[in-house]
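Work through the exercises below with the sequence and the structure in view. Each task is followed by a solution in steps.

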Amino acid sequence: MPSMERCVALVGLIENLTFLCPGCEARVEILDIHTRKWKHPPSKELKSELAANCVGYCGADLKALCTEAAIHAFREKYPQVYTSDDKFVIDVDSVKVEKYNFVEAMSTITPAAHRGAAVHSRPLSLVVAPCLRSHLQKAMSCLSDIFSPLTVSSEFIKLSMLSYESAIPLVYRPRLLLCGCEGSGLDHLGPAVLHELEKFPVHSLGLPSLLSDPSAKTPEEALVHIFGEARRATPSILYISHFDLWWDNAHEQLRAVLLTLLEELPSDLPILLLGSSSSPLAEIDGASSVFPDHSVYQVGKPSTGDRSLFFDCLIEAALSIVLEDVAKKSQGSAPLPELPKAQKVASSPKASELKAKIEAEQHALRRMRMCLRDICNRILYDKRFSAFHYPVTDEDAPNYRSIIQNPMDIATMLQHVDSGQYITCSAFLQDVDLIVTNAKVYNGDDYNGARIVSRGHELRDAVHGMLSQMDPALVTYCDKIADQGGPVQVPDDLGGSIFPSTPVVQLGTTRTSARLRNVQPDVNLDQSYEALKRQKKNADATHAAPTAEDKSRHQDSVQAKPPEETRGRRYESRQT
C-alpha cells in the first residue's frame, strides 16, 4: 500500500506540472546557442532586442526563427540559386543576417504560446510607442512598488515563503487599474504591461474567457477554477480588460463570487489583479471594493513632446519606405551577376543501388517468362493449333525446308522463352507473325491451304488476346529494359550476394497437373504430330483390359485366401 500511495501521489504531481516558455534571459542564451557557429553572428544588442520581442517563443520556435532568418539572408544574397537547376559555387561565409531578416522571419512564425490559447500580452507597436512609452514606464514603476516579485529575486521569495513563522510579507493585496478616456491607448497599454510581466503566468477574468471555459458549466464555476489555478502558480497575474463593461454586464451572483474570492485571498499572497477601464472609477457603482482609489493609475493625453516624437518617427518611416522602393527598383533593373558553376562529378552508382536495379530487372524478366511460358503451354494443349505445335518435317510437308528459310513453331518458341531470348512482348509477337507468314508462303490457295492460313490468323488473335491480359506496368518496364540494351549484367564482385541459391522444397504430397508444376512434355522435335498420335494409340492398346483367362486366374486366387484375411482387406477398403 505505501508504494501504491507513492505512485498515486507521483501521478498527481505529474498532472499538475506546468512548463512555461523561457524568459527573456533564457531566450538570449538560446539565440546565442543557435547563432554561435555563424561567421557573422548577431550582436548582443540585437539578440537582446529579439529576445524582448519574442515573448511566448519556446526553444524550437527560436531555432526556427534563426533558420528562417538565415534563409531570408541567403535568398537575398544569392537569388540565382532559386531560379536555376544548376549547382553553383557560393561563399556561405559572405551571407550576413541583418535585423530586418529576423523581422521578416518573425512574421512567418506562430509562437508556441499563441498556438495553445489566447495571448493577452504584446509589446507596444512602433506606431503608438512614442505616445505611450512614458505611461508604460510610470505604470511599471507603480507595479514595482506594490508587486515586489517584479524586482526581488526568485530565490529570496522562495526563502521567505518557506521560512516557518518568520515569513516576510512582501506584498499586500497588489492591485492596479489603468483608467483613461476613450482613445487614450488602453488597448495598447494593458497588453504592453503584461508583456513586461512575461515571467509570470497570466489568467484572464474577462467575460469571453469565463463563458468559453469548456470545463465549467457556469461563469461562476469558471471564475472559481481560474482563481484556483492562480493560487497554484504564484506569483501570478489576474487580468480584467474593460473592467467597466465587465462590471456593468455581470449579474449580482458573479459579482458576489468575484468579491468573495478576492477577500479569501491571503493579503500577502503574490497574486496581482490588473485591469483597465475607459470610465472613471467613481462612475462605476461598487467597483471601489475591487480596486481601491490608491490603486488607480490615470492615463492622460500624450504631451507635446510625445506628439512631436510620434510625427518624427512617422515621417522617418515614410522616407525609409520610399528609399527602400528606390533601392529595389535599382536592384531590379541591374542584371544579376553570374555565379561560377560547380563541376559535375561523374559518380558511379552505389553497390546497393546497382543491386536493387538488378533484382528489379530480373524479377520483371522472370514474370515475363512465366507469362509467355503459360501462353505457349495453353496453345500446345489447344488442338485447334496442332499444325503449328512442332517443327514441320519432310514427311508431313515435302520441300518445306527449301521453300521456308526461317521456320518457326510453338515448341521452338517455348525453348526461346526458357532461354530468355524474349525480353518484350513485341519480340514474342514477331515469331508468332513469322508462323503466320510461313503458312501463307507455303500453303496454296486451295481449300486445305486456306484452312491452315485461317488457323494461323486465329492463332495470332488468340496470342494477342492473352498478351492483353498482362500487367501494363510489366510490359512498359520490360520495354524500358530492352531500350537500354538489355538487363544490367551482374558484376563479378556482386555475383554471389545478389541471387543466393535457395533449394527448392516441395511442400506436401498433393498431386498437381503437369502444367501447374511447369513440367514440359517430352517432345521429339523430329517427329510430326501424326506420328505422335500413332505412338499414343499403340500405348493405349498395350494397356488394354485383361483377358478372360487373366480374370479367372485372379478369381481363383481370391477364393483361395482365408476368410479372416478377406474380411481384413474389406475393412481396410472401407477405412480407405
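**Exercise 1.** What volume does the largest cavity have?

*Solution.* The model is a predicted one. A search of the whole structure finds one cavity of 30 Å³ or more. The volume of the largest cavity is about 90 Å³.

**Exercise 2.** Which residues line the largest cavity, and how many of them are nonpolar, polar and charged?

*Solution.* Start with the residues of the lining: R173, P174, R175, L238, L262, L265, P266, L269, I271 and L273. Then sort them by class: eight are nonpolar, two are charged and none is polar. Arg counts as charged, whereas Leu, Ile and Pro count as nonpolar.

**Exercise 3.** With which strands does strand 3 pair, and in what sense?

*Solution.* Take strand 2 (residues 202-204) to begin with: strand 2 and strand 3 are joined by three bridges in the parallel sense. Within this pairing, S204 has Y239 of strand 3 as its bridge partner. Next take strand 4 (residues 271-277), which pairs with strand 3 over five bridges, also in the parallel sense. Here S236 has I271 of strand 4 as its bridge partner. I271 also belongs to the lining of the largest cavity.

Definitions and conventions:
Residues are numbered from 1 along each chain as its sequence is written. This is a predicted model: local features need pLDDT of at least 70, side-chain atom pairs count only at pLDDT 80 or more; totals for chains, interfaces and linings use all residues. Side-chain values use heavy atoms; hydrogens and water are left out. Two strands pair if DSSP finds at least two bridges between them. Helices (H or I, at least four residues) and strands (E, at least two) are DSSP runs, numbered from the N terminus. On a 1 Å grid over the protein atoms alone, a cavity is a set of points where a 1.4 Å probe fits but cannot get out, and a pocket is an open set with protein on both sides within 12 Å along at least five of seven lines; lining residues have an atom within 4 Å of a point. Grid points are joined across faces, edges and corners, and a volume is the space filled by probe spheres set on the points.
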